[in-house]
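Visitor: Please show me the model, and then let me ask about it piece by piece.

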Amino acid sequence: MRSVTILAGCGKDGRPEPFDSISLERGGLYTIVGNTGSGKSRFIKDVEQLAHGDSVTRRRVLLDGVEIPAERRQSLSSQLVAHLGQNMRFVLDASVEEFLALHAQCRGK
């Protein structure tokens, strides 16, 4: 996989999102910033689940410009996102780098 493209859907109010698409390139570092309730977590969930117009936002997610068939989405989605939320409580005291390495190891990467 070289890129993930998120095609716009709609916001909580049902209005179209103010963008056509967002492309994330492999190896890039991206930050999602917004007010509480602005949809940051939903955006990540849509990417994780390889949304196909079937989430509340009606976004669609493409890998390398291609929609992923429903039967392949679950197996692929578990490989895409390592989500480190701001309120995670761990028994483990680890840096972000250590967390990501552990996450990759758990997924056999």
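**A buried glutamate, then the fold**

Guide: E17 is buried, at a relative accessible area of 14%; buried means under 20% relative accessible area, exposed over 50%, partly exposed in between (1.4 Å probe, protein chains only). This is a predicted model: local features need pLDDT of at least 70, side-chain atom pairs count only at pLDDT 80 or more, and totals for chains, interfaces and linings use all residues. Residues are numbered from 1 along each chain as its sequence is written, and side-chain values use heavy atoms, with hydrogens and water left out.

Visitor: Which side chain makes a polar contact of 2.6 Å with that of E17?
Guide: E17 sits in the loop between strand 1 and strand 2; helices (H or I, at least four residues) and strands (E, at least two) are DSSP runs, numbered from the N terminus. Its contacts, meaning heavy atoms within 4.5 Å, include A8, C10 and G11, not counting residues up to four places away in sequence. A polar contact is a pair of N or O atoms within 3.5 Å; within protein, one must be able to donate a hydrogen and the other to accept it, and residues adjacent in sequence count only if both atoms are side-chain atoms. At 2.6 Å, the side-chain partner of E17 is R59.

Visitor: How far is the backbone nitrogen of G9 from a polar atom of the E17 side chain?
Guide: G9 is among the residues that E17 touches. Here the atom on the G9 side is the backbone nitrogen. The distance to the polar atom of the E17 side chain is 2.7 Å.

Visitor: What is the strand order of the open sheet?
Guide: Two strands pair if DSSP finds at least two bridges between them. Strand 1 pairs antiparallel with strand 2 over 5 bridges, and with strand 3 over 4 bridges. Strand 3 and strand 4 are joined by 2 bridges and run antiparallel. The order is 2-1-3-4.

Visitor: Which residue is the bridge partner of V4 in strand 3?
Guide: V4 lies in strand 1 (residues 3-7). It counts as buried because its relative accessibility is 7%. V4 touches residues including V47, V61 and L63, not counting those up to four places away in sequence. Its bridge partner in strand 3 is L63.

Visitor: Which residue takes a positive phi in the hairpin of strand 3 and strand 4?
Guide: L63 stands opposite V66 in strand 4. The hairpin has 2 residues between the strands.

Visitor: Within what arc do the buried residues of helix 1 fall?
Guide: In helix 1, F43, I44, D46 and V47 are buried. They line one face of the helix, because their arc, that of the directions from the helix axis to the C-beta atoms, is 155°.

Visitor: At about what angle does helix 1 run to strand 1?
Guide: Helix 1 (residues 40-48) lies across strand 1, strand 2 and strand 3 (60-63). These strands are included in what covers its buried residues. Axes are lines fitted to C-alpha atoms, for helices over the stretch in contact, and angles run from 0 to 180 degrees between N-to-C directions. The angle to strand 1 is about 120°.

Visitor: How many residues make up the largest nonpolar core?
Guide: A nonpolar core is a set of buried Ala, Val, Leu, Ile, Met, Phe, Trp, Tyr and Cys residues joined through side-chain atoms within 4.5 Å. Members include V4, I6, F43, V47, V61 and L63. Strand 1, helix 1 and strand 3 are the elements that give two or more residues to this core. The total is 10 residues.

Visitor: Which side chain joins that of S55 in a polar contact of 2.9 Å?
Guide: S55 lies in the loop between helix 1 and strand 3. It counts as buried, at 13% relative accessibility. S55 touches R42 and D46, not counting residues up to four places away in sequence. The side-chain partner at 2.9 Å is T57.

Visitor: What pattern does the protein chain follow along the sequence?
Guide: Its secondary structure comes to 3 helices and 4 strands. Of its 109 residues, 23% count as buried. The pattern is β-β-α-β-β-α-α.
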